[in-house]
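Please look through the structure shown here before reading my remarks. They are written for a reader who is new to protein models.

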Amino acid sequence: MNVVYASNEKYVKHMAASMVSLFEKNREESRILVYVVSIGIREGSKALLEGMARRYGRRVCWLELEDIREQFDFDVDTRGFDISAMGRLFVGRLLPGTVSRVLYLDCDTVVVRPLGRLWRTSLEGKTLGAVMEPTIYQAVKEEIGLGREEAYVNSGVLLIDLKRWRETGAEKRLLDFYREKGGSLFACDQDTINGALKEEIFYLPPRYNFFTNYRYFSYRELVRCSGTYRRVRKEEFCRAKRHPAVIHYAGDERPWISGNLNHYRKAYEEALALTPWAGEPKEKGREWYMLAYHLMDYVTVVCPLIRRMLSRYFGMKVVEARRGRQQEAKGGSRECTGQEQILVLLAAFEGEKYIGEQLDSILAQTVPGIRILVSDDGSTDGTREILEKYRRDYPGRILLRHRAKEGIYQSRRGRVPEPAMNFFWLLSQAEADYVLLSDQDDVWRPEKAEVLLKRMKEMEKPGRPALVFSDMEVVDAGLNQISPSFFAYGRSNPGRTAFSEILAENPVTGGALMMNRALVERAKRVPRACFMHDWWIALCASCFGEISCVREPLSLYRQHGGNTLGARNTGSLGDLRERGRRGRQVRENYRRMFMQARAFGRMYGKELEDSKRAVLSAFLSLPGKTPAGRLACIVKNRFYKSSWLQTLAQCFTIPRAGKGEAVQGKDGGI
């Protein structure tokens with residue numbers, strides 16, 4: 001039996017407990033050879049492990065991977081997980097060519113029953129075997145291209161056909177996939193394995209990687225979390241609960257933390273007692289958290305819905321806490337550096353003509369360390385080649401994570417425009433203190449991010465969504481000035497930021513805004529319908545937070561034939577006459593505007609203050625009213641547009657809802 005671990009010095013004690021449990025429970029196996037992918041394990045620790053193995057007549061072979069980051073030709077962000085976990089991706093390269101099959105075990109596993117049957121399991125032509133993890137967040141699956149009905153597996157226990165792994169170039173495909181995702185995924189190595197090898201995984205029985213949390217879940221609840229779990233028979237799951245073969249301490253309730261009440265903790269404690277690290281004290285300082293976590297376990301039995309809600313809410317906070325601890329360990333916490341994490345989201349499509357110029361202007365910002373996350377939405381020109389060149393030239397600063405058009409990010413023609421969907425995809429990938437949006441054809445002035453950040457710091461409140469936007473200079477394709485002010489050119493009033501006003505008209509242009517993390521979390525959920533992403537973001541900010549405007553042009557807004565939505569000189573009599581000539585488009589715009597408001601109500605209706613809920617209901621009632629009734633409603637609720645002519649025009653140009661088609665009630669109201 002060939003077994004492999006990957007560890008650094010920090011986890012060597014836990015690996016020792018796992019290793020000794022492997023030896024104890026598999027005494028009948030004639031041969032067990034353990035390979036350890038070492039990321040900086042000390043010589044003294046190695047000697048202790050070798051001595052422990054000799055007591056059982058076993059041997060440990062060391063596979064050195066000193067600086068694991070050097071194995072990647074791109075920047076890697078493990079999102080708070082220890083990077084040693086990535087060692088399993090290199091087993092094909094590190095293990096001798098004579099090894100054709102290997103069992104990989106995480107350091108936080110303990111073996112409690114013989115594994116001979118697992119070792120001899122046929123993989124039926126698949127590259128590896130693993131156990132399904134049905135409670136993974138759906139958003140994680142969507143990020144790596146897995147549909148709702150596709151299984152997701154945990155990488156803590158992997159039975160690998162190394163011969164097939166090498167023949168099919170699995171390592172290269174894994175690294176290519178991780179690079180394509182910008183070197184940053186929710187569960188780093190695990191997501192990479194699921195995404196890159198999803199057609200090549202054999203599903204093992206749950207007893208061979210039993211997550212301690214699952215003691216408190218019913219089989220029915222796990223099937224509800226993911227219908228794919230029906231592939232596991234109920235009898236198999238119940239047997240795993242009673243008689244697991246490999247226990248995986250995958251949750252926060254780790255048995256080496258003081259105060260934990262994990263039902264399976266004794267298996268770890270008994271194993272650790274047989275190692276050279278026996279008697280070492282447990283980690284202290286989290287006793288109250290351990291108690292709360294254990295109480296949540298029992299809440300899971302009574303009401304699993306609460307567990308799911310808490311998990312979704314706190315899941316990313318746990319990741320951020322891990323990341324913070326990593327930064328502090330390196331002496332590089334935000335408090336030490338004094339720098340905020342700023343990320344620019346750039347949605348690209350057929351942008352080869354201008355995108356290089358825009359990337360250069362963002363890279364030249366006076367705020368240091370800004371990163372750019374780019375999603376190309378399927379360009380057929382040279383856009384992707386340009387992006388790849390910039391990624392190579394600016395490693396760690398240009399990240400490519402192209403939209404996965406599956407799940408909630410698939411096309412919704414007529415309801416969510418393609419550019420908006422691309423930005424929602426980017427928002428789902430955003431991990432930063434402050435986020436700016438960028439069109440591919442603008443040019444930013446060097447001080448843009450610095451000015452917006454300064455205003456953001458002046459106006460944002462802890463925990464509340466905040467949005468800052470600026471004016472822009474309108475230019476033609478050659479960057480020749482058309483107007484020194486986007487606001488003046490469009491006759492828009494950037495002071496109109498009340499919820500009622502933004503329902504009627506959006507003053508915020510996506511390429512001119514910055515938002516804080518609280519607004520990103522609020523606005524990143526894909527709505528059922530929206531006019532455009534920036535309008536939706538402005539609605540969220542006006543309803544739940546603050547908006548501020550910098551009335552200084554901080555970028556050049558390029559007008560050319562390819563704009564999705566361009567600047568337009570509005571509010572004049574000429575504009576109203578022109579609107580009359582394109583009546584069909586005006587009616588379609590109103591339809592989308594009310595569809596957006598209705599979608600906002602359906603998503604956030606239960607969270608709205610009574611006053612804002614009343615405003616939204618009044619707005620949705622406008623199509624069903626007479627012109628006089630609309631005027632009264634508009635004045636009462638301040639559904640004002642930038643000019644009085646446009647405001648009055650609403651009374652006549654909003655399409656009249658037919659009988660039984662009042663906008664408010666068509667889809668169930670708010």
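The numbered points below go from the whole chain to single residues.

1. Confidence. The model is predicted, and the average pLDDT of the protein chain is 87. A score of at least 70 is reached by 89% of the residues. Two stretches call for caution. In residues 319-338 the pLDDT is below 50, although this stretch has 31 contacts in the model beyond near neighbours in sequence. Residues 659-669 also have a pLDDT below 50, with 15 contacts of that kind.

2. Overall make-up. The chain has 670 residues, and 58% of them are buried. Its secondary structure consists of 28 helices and 19 strands. When contacts between residues at least 6 apart in sequence are considered, 77% of them join residues at least 24 apart. The accessible surface of the chain is about 28400 Å², and carbon and sulfur atoms account for 51% of this area.

3. Strand 1. How many of the six residues of strand 1 are buried? Six of the six residues, which span positions 2-7, are buried, so the strand is largely enclosed by the rest of the structure. In a regular strand, side chains alternate between the two faces of the sheet. In strand 1, Asn 2, Val 4 and Ala 6 point one way, while Val 3, Tyr 5 and Ser 7 point the other way. The residues pointing in each of these directions are all buried.

4. The partner of strand 1. Strand 1 pairs with strand 2, residues 33-38, in the parallel sense. The pairing runs over six bridges. Within it, Ser 7 stands opposite Ser 38 of strand 2.

5. Glu 450. This residue lies in helix 18, which covers residues 448-459. Glu 450 counts as partly exposed because its relative accessibility is 41%, between the limits of 20% and 50%. What is Glu 450 in contact with, leaving aside its neighbours within four places in sequence? The contacts are with Thr 366 and Val 367. The side chains of Glu 450 and Thr 366 are joined by a polar contact of 2.5 Å. Glu 450 and Gln 365 are 85 residues apart in sequence, yet their C-alpha atoms are 7.7 Å apart in space.

6. Positive phi angles. Most residues other than glycine have a negative phi. Leu 479 is not a glycine, but its phi is positive, at about 70 degrees. Leu 479 is found in the loop between strand 16 (466-475) and strand 17 (481-483), and is partly exposed with a relative accessible area of 26%. Arg 638 also has a positive phi, near 65 degrees, and is a residue other than glycine. The loop that holds Arg 638 lies between helix 26 (627-637) and helix 27 (644-653). At 45% relative accessibility, Arg 638 counts as partly exposed.

7. Cysteines. A disulfide is a covalent bond between the sulfur atoms of two cysteines. How many disulfides does the count give here? The count comes to zero. Two cysteines may be compared for their surroundings. Cys 530 is buried, since its relative accessibility is 2%, under the limit of 20%. Cys 303 has a relative accessibility of 26% and therefore counts as partly exposed.

How values were computed. Residues numbered from 1 in each chain as written. Predicted model: local features only at pLDDT ≥ 70, side-chain atom pairs only at ≥ 80, totals over all residues. Heavy atoms only, no water. pLDDT = per-residue confidence, 0-100. Contact = heavy atoms within 4.5 Å. Disulfide = S-S within 2.5 Å. Buried < 20%, exposed > 50% of the residue type's maximum accessible area, 1.4 Å probe, protein only. Helix = DSSP H or I, 4+ residues; strand = E, 2+ residues; numbered from the N terminus. Polar contact = N/O pair within 3.5 Å; in protein donor to acceptor, adjacent residues only side chain to side chain. Areas by Shrake-Rupley, 256 points an atom, 1.4 Å probe, with all protein chains shown as cover. Pairing = 2+ DSSP bridges.
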